[in-house]
Amino acid sequence: MAQIEQSDKGGKKKKGAQKKMSIHVDFTPMVDMNMLLITFFMLCTTMIKSQTLQIVLPTNENVKKEQQSQAKQSEAITLILDTEYEGDKPKIDGETGKTVHNIYYYEGIADTLFQTSKYLTKEQFIGNVNREAQGIRKILRGKNQQVMAQYETLKNQWKNKEITKEEFDKLAKQNAADSLKTRPVVVIKPGPNTTYEGLINAIDEMNINQISRYSIQLPTSVDTVLLKHYEQTHPGETIIRPLVRKTNNEPANPAQNG
Amino acid sequence: MGKVKIKRKSTLIDMTAMSDVTVLLLTFFMLTSTFLQKEPTIVYTPSSVSEEKVPMNNVVTVLVSSADKSGKLEDPSTVEGKLFISFTGDADSTLSSENIRGMMLDEAVALYNEQHKNAPIALTAAQKAAFRQTNMFGTSFQHLPDLLTMSVTERDKEQGDLTNPNVGIPINDNKNRDGRLNDFQIWLKAIYNVAQRINNEQREDPSLTEEQRANLSNLYTALMRKGQGIAIKADKDTPFTTVQLVFDNLQTMKLNKFSLMTALKSEDEPTQ
């Protein structure tokens, strides 16, 4: 471990001169132990904390029709979500390695008579390509242009250090909820085969595009009619499929009904 | 020609510098680390651009189990959608995680027994103490005493086996049929009641100034004002219908504001 070496060079020494001692301490075991401890701490820690996404849902009590607020037809946009499956697993895109989610959207009130061209359009979550919004983001951004223009100005002000992060957050929030601007009302309808990721992606798009008014609802029979029509006009695509995974609704334990 | 002398060099390497570095690294990891909490199952959360961090204190985490990914089960979806709850209290002593868990347990058991007068459950002091030490649990009220009697290893083993019908908090139906709540709803109600009680107590605390009272930060304010009191953690491949059931129960219990746990991604990243 540690040794004391005597240096006896030359062999000629004056009598009475102190022997020169050099001390070598072998640190190898200490390093070994430290490495082990480091490994332990590295494996046991969470360096990145999870993020959260805030969500506010409406009450699920019955609300009278008079009390319901109606969105303007020109502002409304409905997104029907769907996830593609391969067997019982969500289908993974070979190129990106991400799950394939499809969005079928329509604007305004659904035209179930199919007299206008307001049919469903298929889109995907593509994100940005070369910093340009693509896919569903482009469409939502187009609907929310007024808010986004102001948002970009604020963002530039923040980047140029004209306003602080707190001010920016506050102003951006006010801007997103500015009732003087034309803002869309988005209804997100996750289809029965949608995965949780699909929903999160949709909520994420709302945050990215500064859309303050959106709700999550279950698809109605009108949506099924629209999807059916989409299937008919686009041969080879099937959206209405049996449930891939059913929800585990275990029968109630009889002992609990005491 | 003189002989070439090969000098005998010592093979000793000076490890001092290496040791210095490792000690530094060790100190860094020791100081920055927060230990991973024990969870019965691993889920991979989807990613979002939201930069809000999961709060460290005053949060109730609801974990929704994912389908089996190991491929060992014949039907991987049988283990999907099992619920687990974990309580994290304040950093300070009186409302620490242990004390919060104790209060939640007392409240929930009282609520349960009120609804199930024919089959009430009773917990011993030892079982309650065991619950205070448990980070995450998922079981029905009927099985709770049994679970808490087990040793820690046995408990972890049972909770980790998702095929066991006793694992997971029952969330059978979301309607208040004959006014009776399901087990998950009882827990939610207990969370709300306890949070409100703590809030009221703190509000009446005479040692606080007016300003402090207005800016109280506890589980109740997190639940009601910020929507950070309940965080749902679900796997990205979990079907929406399974998560929807949890949402629906939260809505029924009037806890409409909550947060969803996600991982971070950048805005430019392709989502698909």
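Modeller: Gladly. Two strands pair if DSSP finds at least two bridges between them. Keep in mind throughout that this is a predicted model. Strand 5 and strand 6 of chain B meet that rule, with two bridges and a parallel run.

Colleague: Which residue is the bridge partner of B:Ala231 in strand 6 of chain B?

Modeller: That is B:Ser259. Strand 6 of chain B is also joined by two bridges to strand 1 of chain B, again in the parallel sense. There, B:Ser47 stands opposite B:Ala263.

Colleague: And what should I remember about side chains along such a strand?

Modeller: In a regular strand the side chains alternate between the two faces of the sheet.

Colleague: In which sense do strand 3 of chain A and strand 6 of chain B pair?

Modeller: Those two are antiparallel, and six bridges hold the pairing, with strand 3 of chain A covering residues 51-56. One place to look is A:Leu53, whose bridge partner in strand 6 of chain B is B:Leu260.

Colleague: That takes us to the interface. How is its size usually given?

Modeller: The size of an interface is often given as the accessible area lost when the parts come together. Here chain B and chain A bury about 7,100 Å² between them, and 55% of that is on carbon and sulfur atoms. In terms of contacts, 83 residues of chain B meet 75 residues of chain A.

Colleague: How many residue pairs are in polar contact between chain B and chain A?

Modeller: Twelve, counting pairs with both residues at pLDDT 80 or more. Salt bridges across this interface number zero by the rule.

Colleague: Which elements of chain B give two or more residues to the side that touches chain A?

Modeller: They are helix 1 (16-32), strand 1 (47-48), strand 5 (230-234), helix 9 (240-252) and strand 6 (257-264). Helix 1 of chain B brings the largest share, eleven residues. Sorted by class, this side of chain B has 36 nonpolar, 29 polar and 18 charged residues.

Colleague: How many salt bridges are found over all chains?

Modeller: Eleven. In one salt bridge, A:Glu75 and A:Arg213 have their closest N and O atoms 3.3 Å apart. A:Glu75 sits in the loop between strand 3 and strand 4 of chain A, and A:Arg213 in the loop between helix 5 and strand 12 of that chain, so the pair ties together parts 138 residues apart in sequence.

Colleague: And how do I read an aromatic pair?

Modeller: A pair of aromatic rings is described by the distance of the centres and the angle of the planes. The search finds 14 such pairs over all chains. For B:Phe87 and B:Trp187 the ring centres are 6.0 Å apart and the planes stand at 45 degrees, so this pair is tilted. B:Phe87 belongs to strand 3 of chain B and B:Trp187 to helix 6 of chain B, 100 residues apart.

Colleague: Last one: which residues does B:Arg213 touch, leaving aside those up to four places away in sequence?

Modeller: B:Arg213, in helix 7 of chain B, touches B:Arg203, B:Asp205, B:Pro206 and B:Leu208. Its C-alpha atom is 9.7 Å from that of B:Asn199, 14 residues away along the chain.

Definitions and conventions
Residues are numbered from 1 along each chain as its sequence is written. Chains are lettered from A and ligands numbered from 1 in the order in which they are written. This is a predicted model: local features need pLDDT of at least 70, side-chain atom pairs count only at pLDDT 80 or more; totals for chains, interfaces and linings use all residues. Side-chain values use heavy atoms; hydrogens and water are left out. Contact means heavy atoms within 4.5 Å. Buried area is the accessible area (1.4 Å probe) that two parts lose on being put together, summed over both. A salt bridge is a side-chain nitrogen of Lys or Arg within 4 Å of a carboxyl oxygen of Asp or Glu. A polar contact is a pair of N or O atoms within 3.5 Å; within protein, one must be able to donate a hydrogen and the other to accept it, and residues adjacent in sequence count only if both atoms are side-chain atoms. Helices (H or I, at least four residues) and strands (E, at least two) are DSSP runs, numbered from the N terminus. Ala, Val, Leu, Ile, Met, Phe, Trp, Tyr, Cys and Pro count as nonpolar, Asp, Glu, Lys and Arg as charged, and the others, Gly among them, as polar. Rings of Phe, Tyr and Trp (its six-membered ring) pair if their centres lie within 6.5 Å; planes under 30 degrees apart count as stacked, over 60 as edge-to-face and the rest as tilted.
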